[in-house]
Amino acid sequence: MACLRSSFVFFLLAFVTYTYAATIEVRNNCPYTVWAASTPIGGGRRLDRGQTWVINAPRGTKMARIWGRTNCNFDGAGRGSCQTGDCGGVLQCTGWGKPPNTLAEYALDHGGKCHAIHCTANINGECPGSLRVPGGCNNPCTTFGGQQYCCTQGPCGPTDLSRFFKQRCTDAYSYPQDDPTSTFTCPSGSTNYRVVFCPNGVTSPNFPLEMPSSDEEAK
């Protein structure tokens with residue numbers, strides 16, 4: 001069985017959890033280059049418009065993330081930097097990306113039912129001024145810190161800033177304790193997945209993202 005959860009821990013985080021090994025196709029539908037990243041398996045890959053990258057996730061994979069990086073420059077040794085989602089200045093990521101970044105997070109160890117999770121809102125274009133950074137829209141915890149936004153010292157609730165994300169991407173995990181409205185499950189075994197950047201082919205680099213919960217094409 002499999003579990004899906006979408007989230008806004010670092011800008012936008014889509015969370016997927018399943019039990020057995022799975023194939024994940026990462027597709028770039030954006031009209032610009034995306035340097036996709038995947039940890040702890042995969043590393044990184046440059047994806048020009050229309051290109052795909054297939055990741056084979058083994059059973060037992062946990063705390064795994066897939067995200068997009070923009071405005072990157074790498075040398076022949078795979079060293080450089082990205083304006084968004086940078087992972088220590090390397091093409092082949094081994095750690096998590098630096099906010100702002102749009103993510104899909106998954107673990108192959110749960111079960112239940114699911115549906116396609118997505119965000120196709122213009123987050124960058126509508127981003128509150130206090131969260132704007134070059135190339136993206138940051139999350140409130142990274143920007144302001146503190147218990148109100150980071151929930152590191154006990155229970156906390158949504159804020160006006162977290163509601164900004166939730167209203168536009170209802171599947172999203174919009175603050176650190178938003179699990180009840182952003183956890184989904186999927187069948188195991190024959191189910192494979194696609195992570196699609198710009199599922200609607202938008203023209204601005206705001207990384208709307210869709211993660212369908214089956215082998216069907218992203219809408």
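**Exercise 1.** How many bridges join strand β7 to β9, and in which direction do the two strands run?

*Solution.* The model is predicted. Strand β7 covers residues 64-74. Four bridges connect β7 to β9, and the two strands run antiparallel. Within this pairing, W67 stands opposite L103 of β9.

**Exercise 2.** Decide whether the faces of β9 are covered or open.

*Solution.* Start with one side of the strand: T102, A104 and Y106 are buried there. Taken together, six of the six residues of β9 (residues 102-107) are buried, so the strand is largely enclosed by the rest of the structure.

**Exercise 3.** Find the aromatic pairs and classify each one.

*Solution.* A search of the whole structure gives two aromatic pairs. F144 and Y149 make up a tilted pair, with 5.4 Å centre to centre and 35° between the planes. F164 and F165 form an edge-to-face pair, at 5.0 Å centre to centre with 75° between the planes; the angle is over 60 degrees, the cut-off for this class.

F144 has 43% relative accessibility and counts as partly exposed. Y149, at 19%, counts as buried because the limit is under 20%. F164 is buried at 7% relative accessible area, and F165 is buried at 1%.

**Exercise 4.** Which residue lies over the face of W96?

*Solution.* R65 lies over that face, at 3.5 Å from the ring centre of W96.

Methods. Residues numbered from 1 in each chain as written. Predicted model: local features only at pLDDT ≥ 70, side-chain atom pairs only at ≥ 80, totals over all residues. Heavy atoms only, no water. Buried < 20%, exposed > 50% of the residue type's maximum accessible area, 1.4 Å probe, protein only. Pairing = 2+ DSSP bridges. Phe/Tyr/Trp six-rings, centres within 6.5 Å; stacked < 30°, edge-to-face > 60°. Lys NZ or Arg CZ within 6 Å of the ring centre and 35° of its normal.
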